[in-house]
Amino acid sequence: MKVLVLGADGYLGWPLSLRLAIKGHEVMGIDNLATRRAVEEIGSNSAFPLPSPQERVKEAKRILGVNIDFSIGDITNKEFLREAIKSYKPDAVVHFAEQRSAPYSMKDLDHAVYTVRNNLESTLNLIYLVKDIDPSIHILKMGTMGEYGTPNFDIPESPFVDAIVNGKNDKIFTPRWGGSVYHMSKIFDSYFLAYFNRIFNLTITDIMQGPVYGTRTSEIVEESLRTRFDFDETWGTVVNRFCVEAILGIPLTPYGKGGQTRGFLSLEDSINALTLLLENPPKREEYRVVNQFMEIYSINEIAEIVKRAGEDLGLDVTINHVENPRVEAEEHYYNPERKVLPTLGYKPKKNLAEEVKIMIEDLIPYKDRLERYKTAIMPKTKWKS
């Protein structure tokens with residue numbers, strides 16, 4: 001299988017490229033390196049030093065014996081993307097090339113507009129170019145469980161649900177309510193994918209993924225193969241951020257009451273699931289929604305797990321709730337459905353309690369580097385500033 005990975009320099013894009021290549025698939029990666037620049041913009045950096053994309057692919061060849069083609073470019077440039085798809089002729093395109101941070105999208109008008117333009121324009125470019133060049137290409141698009149918000153009903157794993165509105169029955173798009181400009185852009189992605197699937201007969205997997213945690217996958221066997229690891233308030237997911245706080249002796253910082261509950265999964269399990277979905281595409285012309293998570297925790301539960309792991313490793317870890325900078329329900333019902341991946345025989349390999357210890361052990365050698373960027377950890381971006 002030939003796979004074009006958009007956003008191949010990212011936290012998920014790089015390890016997915018390694019996994020696909022090691023399994024014998026042909027991989028071409030594209031990235032405009034925007035995340036590297038945006039993280040520097042807010043005064044932070046990856047916990048692990050990152051080689052250039054060119055150095056990365058050389059190391060993948062040297063260490064793992066795999067070939068990954070890599071091109072630096074921006075897929076909001078439709079002619080660049082057109083040429084990439086026409087020349088490479090992929091069987092599948094993985095779309096990770098979006099601005100992925102909720103806080104970044106809420107900083108101000110410019111960051112909100114950038115998020116919407118980048119995310120929706122890139123998705124529309126991909127949809128129309130696949131339609132024009134080869135409608136049989138499988139589009140695998142990264143969405144987020146955050147598209148659903150925190151409804152007081154079980155979240156289905158289906159594009160449409162039966163509904164009764166003013167006594168009338170109809171089938172409606174599964175209800176969504178985002179918690180940031182970023183999440184709203186992902187909701188519109190899903191609307192576009194479902195709509196153009198219907199009129200262009202495209203084959204699409206729309207993944208609703210929970211927050212990912214972890215420092216490594218089975219392919220990351222040397223330092224030069226590491227993926228990026230963000231821990232600041234803008235780009236770092238909560239588990240990753242808590243692990244760094246534990247190492248630096250900063251109290252773990254649940255926002256508000258800490259009852260926010262989400263579906264989480266490890267980096268290894270995310271890459272396993274993504275690979276399985278690529279190797280088992282939906283039926284031709286199907287729009288498939290996948291709720292991709294493995295474990296459900298509240299933020300308070302995560303804080304306690306990280307605290308215990310840190311203490312087991314000799315760290316002095318405390319917890320200090322801080323004012324929630326976001327506008328969100330801090331205590332709520334949460335019960336999403338998950339059936340597609342189990343139907344494909346998928347079983348998670350990792351769990352949070354075990355993986356957090358590995359993460360802390362991986363990060364401790366970089367404590368001096370983490371110290372340099374610790375001022376970027378505490379929340380500064382406020383939804384109602």
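Reader: Which residue is the bridge partner of T261 in β12?

Author: Keep in mind that this is a predicted model. T261 belongs to β10, residues 261-266. That strand runs antiparallel to β12, with 4 bridges joining the two. In β12, T261 is partnered with S298.

Reader: And which strands stand at the edges of that open sheet?

Author: The sheet has 3 strands with mixed pairing, in the order β9-β10-β12. Two of them have a single partner strand each, so one side of each has no neighbour in the sheet. Those edge strands are β9 (212-213) and β12 (295-298).

Reader: Over to the hairpin of β6 and β7: which residue takes a positive phi?

Author: β6 (residues 160-165) and β7 (residues 168-173) run antiparallel, joined by 6 bridges. One of the bridge pairs is I164 with N169 of β7. The hairpin has 2 residues between the strands, and the positive phi, near 55°, is found at N166.

Reader: Now the loop between β1 and α1: is G10 buried or exposed?

Author: G10 lies in that loop, between β1 (2-6) and α1 (13-22). Buried means a relative accessible area under 20%. G10 comes in at 17%, so the call is buried.

Reader: What does G10 touch, leaving out residues up to four places away in sequence?

Author: A97 is 87 residues from G10 in sequence, yet their C-alpha atoms are 8.5 Å apart in space. As for contacts, with those sequence neighbours left out, G10 touches P15, D31, T227 and R228.

Notes: Residues are numbered from 1 along each chain as its sequence is written. This is a predicted model: local features need pLDDT of at least 70, side-chain atom pairs count only at pLDDT 80 or more; totals for chains, interfaces and linings use all residues. Side-chain values use heavy atoms; hydrogens and water are left out. Buried means under 20% relative accessible area, exposed over 50%, partly exposed in between (1.4 Å probe, protein chains only). Contact means heavy atoms within 4.5 Å. Two strands pair if DSSP finds at least two bridges between them.
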